[in-house]
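Q: I have a structure open and want to get my bearings. Can we go through it together?

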Amino acid sequence: MKVRIDVDACVGAGQCVLAAPDVFDQRDDDGMVVLLVEDPPAHLEAATEHAALLCPAMAIVVDR
Amino acid sequence: MSETKVGTRSELGSFPTERDPRCPFDPPTEYVELRAQEGTASLACPVGVDARVVSRYDDVRAMLTNPHLSSHAAPSTHVVAGGVLDRPVAPGSLLNMDGPGHARLRRLLTPEFTVKRIQAMRPYIRGLVDDHLDALLARTGPVDLVADFALPIPSLVICELLGVDYADRDRFQEQTAVLVGTNSDPAALEQANLEVVGFMTQLVLTKLETPTDDLLGRLIVRARETGQELSVEELVTLGITLLIAGHETTANMIGLSTLALLRQPDQLAALRADPELAGTAVDEMLRYLSIVHFGVLRQATGDLTIGDEEIKAGEWLVAVLSAGNRDESVFPDADRIDLKREATAHLAFGYGIHQCLGQQLARVELQEVFARLHQRIPTLRLAVPFEDIEFKDNALVYGVRALPVTWDGEDA
């Protein structure tokens, strides 16, 4: 699995951090998304896909 | 605009706002039919225009992420008879802004609402919930859970967030309760409105002079440091927006969800037995109750497609969040409360660039309330017959006007 984020599209809702805290974080200065792991291990794949589904700005793209 | 419509006009005719009084937690029954119809029905709205009523989950998400739909009219204006659809958007009016102007303001505010920052407020919120429960338990029931619990807690959280002086919080809380209350008479309402705007203006002026370590103070510094200085008008509008958005919604969720859970003893017993369940329970109750119950209004700024339907520039659309949240294709057995359901993909906070900025705060407040209220008062029950509870059918945010409750003496 490969994860890409679009920081320009991000609206800082925090849904991804709740869904997959080991994969996503938010910057302290503007609340925008930070990708912690570009290729999440198998046990984080489901949570990562859920985060992509939840994102209100569709700023997370998952390639498998 | 009627000549540009390509969809079929629904037999339903007008935008459904009436609930079945026997099912006060369910959206109007017409939504079931609307979801099942092909395309999107065009319905007459109380404000005096026709709007495409978008009711399926996928269509609501598609609509709220479409960049060719403007939020310039206030979110629920379609149900307001005599409402104004073309009012100029006030500077700082986050809910009504589009595009880069909206993105600039939202980005200045998002660091205040990150998961991390809100989690750091959890101990404060838990303390506040416990203090209010102590005060309730020091009395003998019945008490009104809305006036004495649901309203003050979110109000005091907003005070903490905005950096309101402790000495001013009681007065601030009293006046905001009048402002968001539905039992207030017009004169009291106007007085409270003037007072809250005056109060917010004074708060903003104080923070501009000496920015302290709170939301408003940090916002002012952040805007200055990034060369995007905010005017007094913008700051006051933002402050009032945060106050109203964070107060009325959370308060209504506390009252309404407590009532709904009291009516579902098996679910309530599960929550009482395992307070950890509050995590999923909050999102499930947000989904089930969808308190922004008339949905949100948008206007097409260009031709676009939702589902298979063509929408022409100028047309009005309503995303009916409550209908999408009961869409069986996404939430099986959608009309049932299941506190274990993974419901975070619900639409109660909206979707797209306007999705609720304060959602993490709302979640933490509601989680603490759900976990603590039923732990501390396990015999909590209605003090009046269910039929006597008055629902806010006509208010833009749904809830109960009052919730008289009582408990057994040994809970204290």
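What follows is a short chat about how its parts touch and pack.

Q: What kind of model is this?
A: This is a predicted model.

Q: OK, chains. How many residues of chain B are in contact with chain A?
A: 17 residues of chain B are in contact with 17 residues of chain A.

Q: Which elements of chain B give two or more residues to that side?
A: Those are α3 (99–109), α4 (115–120) and α15 (359–376) of chain B.

Q: And what classes of residue are on that side of chain B?
A: It has six nonpolar, eight polar and three charged residues.

Q: New topic: helices. At what angle do α5 and α7 of chain B cross?
A: Roughly 145°. Helix α5 covers residues 122–137 and helix α7 covers residues 152–162, and their axes come within 10 Å.

Q: Is the crossing right-handed or left-handed?
A: α5(B) passes α7(B) in a right-handed crossing.

Q: Which residues meet there?
A: From α5(B) come Tyr124(B), Ile125(B), Leu128(B), Val129(B) and His132(B). They meet Pro152(B), Ile153(B), Leu156(B), Val157(B) and Glu160(B) in α7(B). By class, the contact divides into eight nonpolar, one polar and one charged.

Q: How far does helix α8 of chain B reach?
A: Helix α8 (residues 166–180) has 15 residues and reaches 21 Å from its first C-alpha to its last. That is close to the 21 Å expected at 1.5 Å a residue.

Q: Which of its residues are buried?
A: In α8(B) they are Phe172(B), Thr176(B), Ala177(B), Leu179(B) and Val180(B).

Q: What covers them?
A: The cover includes α7, α9 (186–209) and α11 (232–262) of chain B.

Q: Let's pick a residue in α11. Where is Val236(B)?
A: Val236(B) is found in helix α11 of chain B.

Q: Why does Val236(B) count as buried?
A: Because 23 other C-beta atoms lie within 10 Å of Val236(B), and 20 or more is the cut-off for buried.

Q: What does Val236(B) touch?
A: Leaving out residues up to four places away in sequence, Val236(B) touches Val197(B), Met200(B), Thr201(B) and Val204(B).

Q: Last one: how many residues are in the largest nonpolar core?
A: 134 residues. Those with the most contacts inside that core are Cys16(A), Ala51(A), Leu317(B) and Ala319(B). α11(B) gives the largest share, 12 residues.

Q: And what is Ala51(A) in contact with?
A: Setting aside neighbours within four places in sequence, the contacts of Ala51(A) are Gln15(A), Cys16(A), Ala19(A), Ala20(A), Val23(A), Phe24(A) and Ile60(A).

Terms used. Residues numbered from 1 in each chain as written. Chains lettered and ligands numbered in written order. Predicted model: local features only at pLDDT ≥ 70, side-chain atom pairs only at ≥ 80, totals over all residues. Contact = placed C-beta atoms within 7 Å. Helix = DSSP H or I, 4+ residues; strand = E, 2+ residues; numbered from the N terminus. Nonpolar A, V, L, I, M, F, W, Y, C, P; charged D, E, K, R; others polar. Axes fitted to C-alpha atoms, helices over the stretch in contact; angles between N-to-C directions. Left-handed = near helix turned anticlockwise from the far one by under 90°. Expected span 1.5 Å × (residues − 1). Buried ≥ 20, exposed ≤ 12 C-beta atoms within 10 Å, placed from the backbone. Core = buried A, V, L, I, M, F, W, Y, C linked by C-beta atoms within 7 Å.
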